[in-house]
Amino acid sequence: MAKPTVAPVMRQGKFVPWLYLLPAIIVMSIFILYPMINTVNLSFQNASGTASAETTCREGQACWGAFENYRYALTNELNTSSVKAFWDSFWVSSYGNMVKWLVGMVSGTVIIGLLFAVWVDGIKSEALAKSIIFMPMAISFVGAGVIWKFVYNYGTSQVQTGILNAIISAFGGDPVAFLSKVPLNTFMLIIVGTWMWTGFCMTLLSAAIKSIPEEIIEASRIDGATDYKIFTKIQVPIIMPTIIVVITTMVINVLKLFDIVYVMTGGNYGTNVLATRMYTEMYANSQYGRGTAIAVILILFIVPFIIMNIRRFIKEEAMR
Amino acid sequence: MISLTRGKTNKNFDLTRLLTTIGIIIILVLWLIPTIGLLVTSFRPLPLINTTGWWTALNVNNGPAAAQHPDPNASYVEKLGTRFTIDNYVDALTGYRGTKSYLTDCRSGTKPLGMNCNLSDLLNPRGMGRAFLNSIAVTLPSTILPIAIALFAAYAFSWMNFKGRYAVFAILVGLQVVPIQMTLVPVLRMFAGMGLNGTFPAVWLFHTGFGLPYAIYLLRNTMSSLPKDLFESAYLDGANHWKVFTTIILPLTTPAIASLAIYQFLWVWNDLLVSLVFLGGSKPVMTYQISNMVTSLGAGWHLLTAAAFLSMLLPMIVFFALQRYFVRGMMAGAVKG
């Protein structure tokens, strides 16, 4: 582990450290800090940022005053005419999809990653097997989107050239339009995300498993513990801190997710997520106010993780 | 072949071992098949792609009559030869959108629309050849700039004493997870005012800003774990910070810089959102070009698969050649972007 950082013996003015920091601070202020503040500001204004959002309210319709863009961002996709209509519209809204993505992709990547890490631990071709799972990390979401669009391809003719529909047809089933059938399509997109990110989780978890002292496993094996017992009672509890780090990392990644949905469905057929919706508002509709309001909602979901990250850092520093 | 025998044998749990082996094989197959499908398809002629599954690529007699070998008695190898082609790659690289193929058109003397049938076609704005160059032009500065700036900052954070060192670094740790979406609109408006939209510097600057928190974090962790004695003796010998930074720190940090460079390179290379917003169609990069082919042009599978594979080529080479550095760069800290 890292050795403790100590005060250097070197003489230095008050000025020199900031000289080294200056370029970084300037660039980060211009491209991260200032835009963040500006985004919050824009989210309370109209489409082009020239007047308060309140001016976009129409008479006789719901209006949240200065929070009008937030009203749009939060409620526009939802149908509040009845409880059932609300329930149905929620699950094809960007928020409902977010829930599906969070549950599906986070559990998928962590569970498959953990199982695979444990299974290949110690086999002869461990390195090769792991690089096969990790490889999708190296390619772009766009490339992965094309790969999987082809897997899901829905042939209009008699012949199915997408392998999934070919398998279904071979067993006598009817081919499925995987990417336009609600709610199946979001689930099919989640599979793509899982395919890409499992390698990341697997590598982190595998490193944690390898750090468990061999004696502990051997001792419990002599005491008659089965592989299953060792997994659930020893390995998983010991690597729990790593599992939590992996889960939070994946949650952040999923919240920001854009490319897969954009490339594969463009957010159509009820597959929108927050990031694709924001892009549509910004570009297709030139609604900067609404777009930034969605961005602010997105970061509100992420703030807890920012705080967690900083706290973890402070804890690690204290241990150095 | 993948050997699935355990190094640490444990004869008591044969059933568990069998099930584990099956589990590993299933996962590996699921992970490999989609990519193999893409690779095989990218080398098949369009009529065959649309009428037969890629998994039947070795069957030389299926598909439409027009796709059959002219001589029905030709040998298997001869027939197989006509069932694979590099035309898709040529068409994708040149951005050919005609009905036959770039090479066929050029050989028959009819120049495809807007093309010259020479190497200059590789620079066609619709093609992946041009997009490849654009991707390089975006990626190299976007990798070098943040690392260069981060090296200085990381040095200050690890080996200098100043007020607020801890607080500033804590903020930086938090900034790592700020989503790109949070800053797009204001930066876009700022760039519009400066006339930077649609130019390479716009993307360089944006990627530099967003790459910095993670780069500084990773480099600072590496630098601060270097042994203190090294610096003390150098300082006592009269070296100043600049000398220490250039002659001691930089050489010792090279492996970390390599990991970071590979990570940042792939991150920028694979990015779609930033290029889409700041460059768009004026300087199309590879990811943009492909997403455009998917979403608006509805290009055929022969072009899409070839284009996708072209865009994956460089990352794959980097990944398999420098896997250790890549994994380290990826795992070293939290998340970004």
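## How H1(A) crosses H6(B)

In this predicted model, the crossing of H1(A) and H6(B) is left-handed, meaning that the near helix is turned anticlockwise from the far one by less than a right angle.

Which residues make the contact? From H1(A) come A:Pro17, A:Tyr20, A:Leu21, A:Pro23, A:Ala24 and A:Val27, and from H6(B) come B:Ile149, B:Ala150, B:Phe152, B:Ala153, B:Tyr155 and B:Ala156. Contact requires C-beta atoms, placed from the backbone, within 7 Å. By class, there are 12 nonpolar, no polar and no charged residues.

## The two chains together

Across the chains, 95 residues of chain B are in contact with 90 residues of chain A. Helix H1 of chain B (residues 14–42) gives the most to chain B's side, with 14 residues. That side divides into 58 nonpolar, 33 polar and 4 charged residues.

## The buried face of H2(A)

Helix H2 of chain A (residues 68–75) has A:Glu68, A:Asn69, A:Tyr72 and A:Ala73 as its buried residues (20 or more other C-beta atoms within 10 Å of their own). They cover an arc of only 140 degrees around the axis, which puts them on the same side of H2(A). These buried residues pack against helix H14 (288–319) of chain A.

## Reading the model

Local features need pLDDT of at least 70, and side-chain atom pairs count only at pLDDT 80 or more, while totals for chains, interfaces and linings use all residues. Residues are numbered from 1 along each chain as its sequence is written, and chains are lettered from A in the order in which they are written.

Conventions. Helix = DSSP H or I, 4+ residues; strand = E, 2+ residues; numbered from the N terminus. Contact = placed C-beta atoms within 7 Å. Nonpolar A, V, L, I, M, F, W, Y, C, P; charged D, E, K, R; others polar. Buried ≥ 20, exposed ≤ 12 C-beta atoms within 10 Å, placed from the backbone. Arc of directions from axis to C-beta.
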